[in-house]
Amino acid sequence: MRTVNRRQVIGLLAAGTAAALAGPAQYAQARPAPPATVPNLGPDFLWGVASAGFQCEGHAPDSNWLRYVANNPDYDRYGDAVDFFTRYRSDIALAAGLGAGVYRISIEWARVQPRPGEWDSAGFAFYDSVLDAMAEHGLRPMLTLDHWVYPGWAAERGGWAHPQMVEDWLANARTVVQRYADRNPIWVTFNEPAAYIMNETTNGGLSPTDIPVMQQRLIQAHHAIYDDIHRIQPGALVTSNVPYIVGTAEPVVNGAMIDAIGTKLDFVGIDYYYGFTPADLPRLSPADIDRLWRMPLQPEGIYYALHYYSQRFPDKPLYVVENGMPTDNGAPRPDGYTRAQDLRDTAYWIQRARADGMNVMGYNYWSITDNYEWGSYRPRFGMYTVDVLTDPALTRRPTDAVDAYRELATGGGVPADYRPVRDPAACSLVDIPATCTDPVTVPH
């Protein structure tokens with residue numbers, strides 16, 4: 001959910017906050033009292049790490065995103081990102097060493113179909129080898145079919161504004177599914193559809209009149225490939241993850257899409273990063289939308305996001321597909337809050353959500369390494385940090401989150417008597433007004 005979606009979608013916070021202050025429906029019942037201890041997440045909980053093809057692989061073939069970078073002089077030059085393309089074995093070994101059980105990647109359409117009707121055997125051989133390495137380490141793949149990147153030839157025709165796009169997208173997606181369904185992956189059809197659409201308007205020149213067209217085409221493609229996946233892989237788990245937006249912007253930004261595909265979701269995939277209080281708003285400026293490390297962190301917000309979707313889809317499990325902390329080129333945050341502290345506090349609130357009856361099945365940390373954040377290498381999310389612009393060796397340097405994640409994944413979460421380093425806000429804007437009138441608390 002970075003740059004364009006973080007920069008643009010989080011920019012909708014003001015609209016969401018204004019609407020929320022007008023007074024949506026109140027929280028229906030009082031929140032449960034904070035328990036003295038939190039339950040272990042158990043052996044069936046899925047601990048994962050996340051990445052994306054274009055952002056991490058390097059050695060990129062012609063695509064819409066290579067063109068966006070070339071056309072925007074303000075973007076960092078792409079280079080070879082963190083070079084997952086040649087270092088995938090060691091990166092996968094790092095994930096296995098953390099105790100992770102799931103590794104999310106995307107199968108890049110541009111890599112496997114460089115020209116219409118022509119499949120690249122070398123491109124598929126690369127992903128074959130990546131998935132073989134995951135299997136050797138006991139990692140289950142989570143495969144994203146579209147993480148905002150498509151071939152240059154599709155871009156030349158207008159991308160999602162072109163009537164042929166759905167048919168071409170499905171031809172690729174079906175080829176990928178047929179090849180990899182026997183690996184028993186978890187599937188993500190489209191990464192953050194609302195942010196994808198915004199990105200295409202910002203970088204791809206999608207016209208305002210084509211925005212509803214693109215949305216309908218994403219819905220059509222999701223429906224079709226969902227059915228195909230389930231024909232080939234009975235019992236498959238398929239989602240399209242949403243970038244959770246604070247305030248009442250969430251149903252405005254994500255509602256139309258998730259309502260349309262809700263019957264063809266096996267679980268609700270949620271990406272959560274930032275939370276706000278009323279006190280945060282005056283200090284933020286529009287420029288801060290580009291400085292992700294300045295966005296306020298509110299780990300208890302993940303509880304509110306999970307609660308929102310547990311109420312909206314009470315019969316579906318929930319999976320945190322992305323969550324993490326950005327820093328400014330890897331520098332410590334001015335408030336002193338560390339990545340390990342944020343990770344443990346987040347786990348506490350997931351355990352609280354489970355204790356309060358929410359069916360949370362898994363959690364992915366974004367990201368295993370730093371990556372190309374859609375135009376910039378400056379925001380750092382990685383558990384292993386990589387100085388792409390200054391270190392030709394692209395050394396993976398562990399942050400304090402490495403040991404914290406390993407403790408969580410191997411121990412089933414934080415200890416039962418853990419207390420968050422950061423107290424929950426007295427008035428959160430994550431799902432207002434209930435998060436102000438009836439906020440979560442911790443026992444002291």
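The second largest cavity is lined by Gly53, Phe54, Glu57, Gly58, Ala60, Pro61, Ser63, Tyr78, Glu108, Ala110, Arg111 and Val149. This is a predicted model, in which local features need pLDDT of at least 70 and side-chain atom pairs count only at pLDDT 80 or more, while totals for chains, interfaces and linings use all residues. Residues are numbered from 1 along each chain as its sequence is written, and side-chain values use heavy atoms, with hydrogens and water left out.

**Empty spaces**

- Rolling a probe the size of a water molecule over the atoms shows where empty space is left.
- On a 1 Å grid over the protein atoms alone, a cavity is a set of points where a 1.4 Å probe fits but cannot get out, whereas a pocket is an open set with protein on both sides within 12 Å along at least five of seven lines; lining residues have an atom within 4 Å of a point.
- Grid points are joined across faces, edges and corners, and a volume is the space filled by probe spheres set on the points.
- Helix 3 and helix 6 (109–112) each give at least two residues to the lining of the second largest cavity; helices (H or I, at least four residues) and strands (E, at least two) are DSSP runs, numbered from the N terminus.
- That cavity's lining has six nonpolar, three polar and three charged residues, where Ala, Val, Leu, Ile, Met, Phe, Trp, Tyr, Cys and Pro count as nonpolar, Asp, Glu, Lys and Arg as charged, and the others, Gly among them, as polar.
- The second largest pocket holds about 340 Å³ of space.
- Of the 23 residues lining this pocket, Arg283, Met295, Pro296, Arg333 and Asp335 are the closest to its centre.
- The lining of the second largest pocket divides into 10 nonpolar, four polar and nine charged residues.

**Helix 5, a bent helix**

- Helix 5 (residues 84–97) has 14 residues, yet its end C-alpha atoms are only 17 Å apart, short of the 20 Å that a straight helix would reach at 1.5 Å a residue; the expected span is 1.5 Å times one less than the number of residues.
- At Ser90, helix 5 bends by about 35°, the bend being the angle between axes fitted to the seven residues ending there and the seven starting there.
- Its buried residues are Phe84, Tyr88, Asp91, Ile92 and Ala95; buried means under 20% relative accessible area, exposed over 50%, and partly exposed in between (1.4 Å probe, protein chains only).
- Strand 1 (46–50), helix 3 (53–56), strand 2 (102–106) and helix 7 (121–136) are among the elements covering those buried residues.
- Gly99, with a positive phi near 90°, follows helix 5.

- Ala81 is not a glycine, but has a positive phi of about 50°.
- Ala81 sits in the loop between helix 4 (64–71) and helix 5, and counts as buried because its relative accessibility is 2%.
- Asn329, also not a glycine, has a positive phi of about 55°; at 43% relative accessibility, Asn329 counts as partly exposed.
- A cis peptide bond runs from Trp366 to Ser367, with omega near 5°.
- Another cis peptide bond joins Ile432 and Pro433, and Pro433 lies in the loop between helix 15 (401–411) and helix 16 (434–437).

- Asp168 belongs to helix 9 (residues 165–180) and is buried, with a relative accessible area of 14%.
- Leaving aside neighbours within four places in sequence, Asp168 is in contact (heavy atoms within 4.5 Å) with Trp109, Trp153 and Arg157.
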